[in-house]
Amino acid sequence: MPRIVLPVGALLLAFGLWLGLLGLREARAGDSFDLLRWELATVANKALFAIASPLRDDPHSQDALERYFALDDRYGDEARGLENAVEAVIEGRVDAAIREAGLSFPVPLPGALQVWPPVDIEIARAPRVLVTSPRAEILRVDDRLLRTDLTLRERDAIEREAEVRDSSISVLAIPTGGVATYPAIVRASASYRSLVAIAAHEWVHHYLAFYPLGRAIFNDPDALTINETVASIAGDELGAMVVARHGDPAPPRPPAAAPTIDRSEVLRDLHTEVDALLAEGRIEEAERRMEEVRQELEDHGIRIRRINQAYFAFYGTYASRDDAIHPLGGQLIEVRERAGSLARFLELVRGVTTAADVEELLGRLRGGGRS
């Protein structure tokens, strides 16, 4: 025992000093989410968890899951005490689904590394992303991660100040379910089904980073849409595999009231209408329509804080969503259907970098040719 306590004590002291330095760094970060600070703190926390495991009496994996997903407050002390155990279980289950789907790395790796990159998540408060689009068209031109502790008033002020500073842009602070850092940030408040799908989604981003599609997202807006849509399609499928095999540990919730309006249809129609208005240079009219429809949705119990060009620019890159209108969504869904397996789907799409590449790939698949 003395041989263990001394190194652990030294590590705890070093960790405390480390966090102090990181706290100073955060104080200088302003409104932005400090990725470097987050990475360093998270890696240190995971290392300490692994090192101290012989000294702890951690709950059984299924017990940890059931206790965690029964909590109403996922950010309190009890949830934080369960997070590391829950992360390990979900990582293992997503890893198993990836292996079952045959998503192996092209280069042979040792057994423990057959899934590459290894599935690694951190359940936490997910940062918001400040999305920027021109007012004259719907186009995702810039993203900036925001601190997780910003209030609604502070987010409103950030948006207002940005749009006053440059009247040609539209911005929006949008919540995220996860961020493809490494480890990936996964929103703590998500349901079990959503959480495993988000974990798988972010792993697909990690996987694609080793291929042309992952590297092209900084060069072409369509590449970003392809990347996000592929991650959504594959992540949802892997998440469904996990739930099918292990079930859902969360207690059943009372059914929500059925909406009185089709949210996705309304947003698709609005997106199409706004595109047409902006193409004619009728920017103010397009913005009035977005606010009118937002209020109509709220009258039906569907609350969206703000709908603007940045809203559609962000959500439009997830083209397989029910409310999306980008043709890449339907095309990539068809590629998945024609590919036969999830592994084959990723093999086909990881080399594409443009919308024209997707069209060409789909044409070959429709023609029965090999790709």
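Salt bridges

Analyst: Begin with a linked group: salt bridges join Asp156, Glu159, Glu163, Arg305 and Arg306 into a network. Keep in mind that the model is predicted.

User: What is the general idea behind such pairs?

Analyst: Side chains of opposite charge can pair when their charged atoms come close.

User: How many salt bridges does a search of the whole structure find?

Analyst: The search finds 28 salt bridges. One of them is formed by Arg135 and Glu284, whose closest N and O atoms are 3.9 Å apart.

User: Which parts does the pair of Arg135 and Glu284 tie together?

Analyst: Arg135 sits in the loop between β2 (128-134) and β3 (142-146), and Glu284 belongs to helix α10 (residues 283-299), so the pair ties together parts that are 149 residues apart in sequence. Glu284 is partly exposed, at a relative accessible area of 47%.

User: Asp323 and Arg263 also meet in a salt bridge. Where do they lie?

Analyst: Their N to O distance is 3.5 Å. Asp323 is in the loop between α11 (309-315) and α12 (327-339), while Arg263 is in helix α9 (residues 263-279), so parts 60 residues apart in sequence are tied together.

User: Is Asp323 buried or exposed?

Analyst: Asp323 is buried because its relative accessible area is 7%, under the 20% cut-off. Arg263, at 29% relative accessibility, counts as partly exposed.

User: Which residue forms a salt bridge with Glu273?

Analyst: Arg289 does, with the closest N and O atoms 2.9 Å apart. Glu273 lies in helix α9 and Arg289 in helix α10, so this pair ties together parts 16 residues apart in sequence. Glu273 is partly exposed at 30% relative accessibility, and Arg289 is partly exposed at 22%.

Note on methods. Residues numbered from 1 in each chain as written. Predicted model: local features only at pLDDT ≥ 70, side-chain atom pairs only at ≥ 80, totals over all residues. Heavy atoms only, no water. Salt bridge = Lys/Arg side-chain N within 4 Å of Asp/Glu carboxyl O. Helix = DSSP H or I, 4+ residues; strand = E, 2+ residues; numbered from the N terminus. Buried < 20%, exposed > 50% of the residue type's maximum accessible area, 1.4 Å probe, protein only.
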